[in-house]
Amino acid sequence: MLEYVTAPDDPRLSDYTRLRDVELRKSLEAERGLFLAEGEKVIRRAIGAGYPVRSVLTTRRWLTQLEDVLGDATVYVVTDEIMSGVAGFPVHRGALASMRRTPLPSVETLLKAAGGRILVLEDLVDHSNVGAIFRSAAALGVDGIVLSPRCADPLYRRAVKVSMGAVFSIPYARMDDWYAGLAQVRQTGYRTLALTPDQRATPMDAVKLGDRVALLLGSEGDGLSSHWLEEADEAVCIPMSPAAMAAGVDSLNVVAAAAIACHGLMRSR
């Protein structure tokens with residue numbers, strides 16, 4: 001159903017308000033049970049993954065490219081100027097969709113259903129980093145992701161955009177209890193590997209991988225907490241160049257480290 005909107009403050013567009021205001025968006029999206037997908041490709045992937053469409057905001061130029069997947073969804077058609085006025089920036093990908101969130105599985109359900117290779121993210125708060133890690137994990141065949149309670153939302157617009165919709169293709173769950181969360185992973189039969197920059201740890205390409213392995217990745221600044229490092233079954237590292245180490249380059253950022261470690265995690269596949 002097409003509705004033509006001629007004012008940026010039209011209340012029908014309230015799902016799309018001030019997309020760069022992170023705190024406002026987190027509050028609004030939690031309250032309404034929604035998330036935003038940006039761009040034709042990401043919108044198609046969200047719909048294909050089974051997320052219901054609340055509405056779509058687009059311009060005439062982009063409308064025809066989405067018609068085949070929108071069904072009877074409400075589509076607000078606006079000019080480029082109104083689109084920018086509502087979102088707070090130029091929307092170069094031409095379309096935004098407000099999607100309804102679906103219930104997450106419990107951590108226990110995800111762990112029992114996963115195929116034996118998972119990531120566990122502890123306190124990664126940057127949405128772009130979370131989105132990029134989901135993209136690497138999905139591309140390399142990781143079976144699922146478990147988030148600590150304070151991890152950034154994978155369905156926040158920036159995370160979805162950076163992942164190119166990969167957040168829709170890999171199952172994930174969020175812990176209720178950080179302190180006991182890792183014990184729950186281990187009790188489900190997963191051997192836990194804690195990724196650390198400490199070069200005394202076992203090199204990732206030398207570690208013995210069993211049937212069920214969980215790779216732990218820590219926050220952007222401090223890495224894994226001492227509690228999780230001590231509780232993990234084994235600490236692992238990505239070997240650094242001795243010359244780089246001597247020059248003070250002793251680690252990778254978490255996104256690069258995650259991609260390399262995921263590749264190592266999947267080598268037995």
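Helices are DSSP runs of H or I with at least four residues, numbered from the N terminus. In this predicted model, helix 2 covers residues 40–48 and includes K41. The relative accessibility of K41 is 47%, so the residue counts as partly exposed. K41 also belongs to a surface patch of positive charge.

Side chains of opposite charge can pair when their charged atoms come close. The model holds 18 salt bridges. One of them joins R18 to D21, with the closest N and O atoms 2.6 Å apart. Both residues fall in the middle class of accessibility. R18 is partly exposed because its relative accessible area is 46%. D21 is partly exposed as well, at 25% relative accessibility.

A further salt bridge links the side chains of R12 and E3. Here the N to O distance is 2.9 Å. R12 has a relative accessible area of 35% and is therefore partly exposed.

The salt bridge between the side chains of E38 and K161 has an N to O distance of 3.6 Å. This pair ties together distant parts of the chain, 123 residues apart. E38 sits in strand 2, which spans residues 34–38. K161 sits in helix 7, which spans residues 157–163. The two ends of the bridge fall into separate accessibility classes under a cut-off of 20% for burial. E38 has a relative accessible area of 4%, so this residue is buried. K161 reaches 22%, so this residue is partly exposed.

Salt bridges also form a network. Four residues are linked in this way: R25, E29, R101 and D153.

The surroundings of S84 were examined next. S84 is found in helix 4, formed by residues 80–87. At 25% relative accessibility, S84 is partly exposed. Neighbours within four places in sequence were set aside when its contacts were listed. The remaining contacts of S84 are F89, P90 and V91. L96 lies 12 residues from S84 along the chain. The C-alpha atoms of S84 and L96 are 11 Å apart.

Terms used. Residues are numbered from 1 along each chain as its sequence is written. This is a predicted model: local features need pLDDT of at least 70, side-chain atom pairs count only at pLDDT 80 or more; totals for chains, interfaces and linings use all residues. Side-chain values use heavy atoms; hydrogens and water are left out. Patches are made of residues with over 30% relative accessible area and no salt bridge: like charges are joined within 9 Å, nonpolar side chains (Val, Leu, Ile, Met, Phe, Trp, Tyr) within 5 Å. Accessible areas come from the Shrake-Rupley method with a 1.4 Å probe; for residues, only the protein chains shown count as cover. Lys and Arg count as positive and Asp and Glu as negative; His and the chain ends are not counted. The place of a charge is taken as NZ of Lys, CZ of Arg, CG of Asp or CD of Glu. Helices (H or I, at least four residues) and strands (E, at least two) are DSSP runs, numbered from the N terminus. Buried means under 20% relative accessible area, exposed over 50%, partly exposed in between (1.4 Å probe, protein chains only). Contact means heavy atoms within 4.5 Å.
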